[in-house]
Amino acid sequence: MRTVFVVLTLFSSLLGIIGVLFNFLVCLVYFTNTRLLDAPNLFILNITLGDLLYSLVACPMLAASNARGEWLFGDAGCTASGFIATFFALGAMMNLVGAAYERYTTICKLFDDGEVQFSRKKALLLSGFSWCYSFFWSVLPILGWSSYVQEGVGTSCSVDWKSGGMENVSYAACLTLSCFVVPVAIIVFCFYKLNRTVQKLSERARVHWGENSIATQETIAAENKMTRIAFVMTTAFIIAWTPYAVTSTVAMFNPNLISDIGASIPAYFAKFSACYNPFIYLFMYRKLRKAMKKVLYCGSGT
């Protein structure tokens, strides 16, 4: 078991270092290049801020506890850690839904009537609603509907998936449905419709401007880009959280089927999303990449 704690200590330490460093850099780029903060980038900034705060606050607690092989911060610390992890994880999920909806709405408006405006105000309101929705579901265990307890090998805290009882099972089932199944369905639907709409835009471009025109090529390039974004964002979301959702669901109905290590592995894998999100944004958004290079070379003002 000591080997498990060593591995988890290294993992949580690496998660914290990378999460703080790269999420901080992305935030710094946005705050020093406010012209980038259009509607879609506001969702990215919100996700990045959430990942940064999670990495900064929760990861040191995980690393310290794994280094000792036990939870070090008592019941109150466990409740606080569980709330922090749940709140920021759900916040990232809901803002991804918001980003998918913004892309879907913008491109479909372009196809229907040429309108491409999804205002910053709408994005801020939708992002604010996402955080309120996440807070609602995160605070319920503190108010008495289920609770936050140690999970897996006992060095991290989360929702009580395994204790059974109507109170715990009902909350866990509602949480899984409302904060995983429905968001994934919305994201998949939005990007599916988005891809279909962009294909129609490309066909319209071919009819109006010709197969080899610059306008047609630019439209087709946009189609390919949006397809890649849809694939990467949706796949990363599902890969990160499906193992944890499945394991937690199984634990609700048959707690003895999931070992302590078996419960910890998907939990830590899901936490890894705080690390890789910045890399997705940097690879998918050329302007963000260029702005980060300027910041890193202290040339943002030149």
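Q: Which residues form a nonpolar patch on the surface?
A: In this predicted model, Leu 177, Val 181, Val 182 and Ile 186 form the patch. Together they have about 310 Å² of accessible area.

Q: Take Ile 186. Where is it found?
A: Ile 186 is in helix H5, which covers residues 166-209.

Q: And what is the relative accessible area of Ile 186?
A: It is 35%, so Ile 186 is partly exposed.

Q: Which helix does Arg 286 lie in?
A: Arg 286 lies in helix H9, residues 286-296.

Q: New topic: Thr 86. Buried or exposed?
A: Thr 86 is buried, because its relative accessible area is 10% and the cut-off for buried is under 20%. Its place is in helix H3, residues 74-113.

Q: What does the side chain of Thr 86 reach?
A: The backbone oxygen of Gly 82, at 2.8 Å.

Q: Now Val 153. Where does it sit?
A: Val 153 sits in the loop between strand E1 (148-151) and strand E2 (156-159).

Q: Why does Val 153 count as buried?
A: Because Val 153 has a relative accessible area of 14%.

Q: How many residues apart along the chain are Val 153 and Gly 262?
A: They are 109 residues apart along the chain.

Q: And what separates their C-alpha atoms?
A: A distance of 9.0 Å separates the C-alpha atoms of Val 153 and Gly 262.

Note on methods: Residues numbered from 1 in each chain as written. Predicted model: local features only at pLDDT ≥ 70, side-chain atom pairs only at ≥ 80, totals over all residues. Heavy atoms only, no water. Helix = DSSP H or I, 4+ residues; strand = E, 2+ residues; numbered from the N terminus. Buried < 20%, exposed > 50% of the residue type's maximum accessible area, 1.4 Å probe, protein only. Polar contact = N/O pair within 3.5 Å; in protein donor to acceptor, adjacent residues only side chain to side chain. Patch = residues over 30% accessible without salt bridge, like charges linked within 9 Å, V, L, I, M, F, W, Y side chains within 5 Å. Areas by Shrake-Rupley, 256 points an atom, 1.4 Å probe, with all protein chains shown as cover. Salt bridge = Lys/Arg side-chain N within 4 Å of Asp/Glu carboxyl O.
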